[in-house]
Each structure stands twice: as C-alpha cells, then as structure tokens.
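Hello,

Here is the structure I said I would pass on. Please open it first, then read the notes below.

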Amino acid sequence: MAFAYNAQAFPLLALLLSSMFAIGLGNYDFNWGSRTWNRTNLPYTQPPNVTHTSNRFIVGGSENWHYGFNYMEWARNNAPFFVNDTLVFKYDPPNANGTVFPHSVYLFPNYWSFIKCDFKKAKRIADPSEGAGEGFEFVLKKMQTYYFACGEHKGIHCKTGNMKFAVMPLKHWRF
C-alpha cells in the first residue's frame, strides 16, 4: 500500500519541485546565505567586458592569394571574423611574358553558387591588377555569410585550385 501511495505522489512531487526551481530561476536577485545569485553570476549569460577594434587580415597570411592554397582552412584557423574587419587580397598582377597567372576576387550571392563555383550571378569585386602592392581591401560590413573565390580561367582556380572560402562576421559586444 505504501508503494502505491508513493507512486501516485511522485508526479505531484516532481511537478512541485520543478515549479519551485523555475520560479527560483525567474528571480535573478535571489539571496542564499552570503551569496547573491543573479544574471552576472551565471556562466555565459553575458559577453566579456571588452571593446573590439577592427582587424585587418591578409587572406592566406604570408602565402597571399594564389592557386593551390587551402583558403577554407585558412578562414577556419583565423576565425572569428567581426563586422568591420578588413580582408586584404594580395596577389601579383599578370605580366607581359605570361609567367604570372592572373587572379581576381568574386563574391558569390549564395552557398549553392559557391559550392558549384558558378560565376553566373557572382560579382567581381577585384580584377587581376588590383591585388598588387598593398592589395585589394574588402570590409565585412554586415553580419552575413560572404563567399569569396577566384574566377580566372573559367573558374578552374575555384574548382580545382582551392581558391575559395567563406566567412561569417559576428557583431561586436559593446559596453
């Protein structure tokens, strides 16, 4: 008989305890002894108290923008990127004797175009001569995914040369 009574009371007891727990979480300034429990004491409820300045990234690091480098790996290793960070594409301009292959920078409108290296709707943001010297600079102005690739040689640099990557800048926390 005692077992049947406990089996019937268990759901009620569980409901009572979970309700008390939920009400306790709702009170952010709950005092328990000498410790105050509020939002600032809970882990990961607010970002660190830092101000972030914009960073400048040279795409590919010391390798710059060239055929055969894994830019997806570079982007993964240099993440996170933030809104207003600058990506700098440095590459040699083509020369008259044809020893330097031309490169460019395109921005894809969506993931599918990026995966397929489909340049039909892509926008050319830097031509082969713009990567010389200080390079071509692109500012990540919005919190959206940006898909970049080289569109030279009918997309071969994108398809087989790994000259493509994506970044998703995050917003800065300001205090």
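Helices (H or I, at least four residues) and strands (E, at least two) are DSSP runs, numbered from the N terminus. By that count, the protein has four helices and nine strands. Their order from the N terminus is α-β-β-β-α-β-β-α-β-β-β-α-β.

This is a predicted model, where local features need pLDDT of at least 70, side-chain atom pairs count only at pLDDT 80 or more, and totals for chains, interfaces and linings use all residues. Numbering starts from 1 along each chain as its sequence is written, and side-chain values use heavy atoms, with hydrogens and water left out.

Burial first. Of 175 residues, 33% count as buried (under 20% relative accessible area, with a 1.4 Å probe and protein chains only).

Now the cores. A nonpolar core is a set of buried Ala, Val, Leu, Ile, Met, Phe, Trp, Tyr and Cys residues joined through side-chain atoms within 4.5 Å. The largest has 24 residues. Trp 65, Leu 87, Phe 89, Phe 148 and Phe 165 have the most contacts inside it. Helix α2 (71-78) is among the elements that give two or more residues to this core. Its share, three residues, is the largest. A second, separate core has nine residues, including Tyr 106 and Cys 158.

Glu 152 counts as buried because its relative accessibility is 12%. Its side chain makes a polar contact of 2.8 Å with that of Ser 104. Such a contact is a pair of N or O atoms within 3.5 Å; within protein, one must be able to donate a hydrogen and the other to accept it, and residues adjacent in sequence count only if both atoms are side-chain atoms.

Best wishes

Key. Buried < 20%, exposed > 50% of the residue type's maximum accessible area, 1.4 Å probe, protein only.
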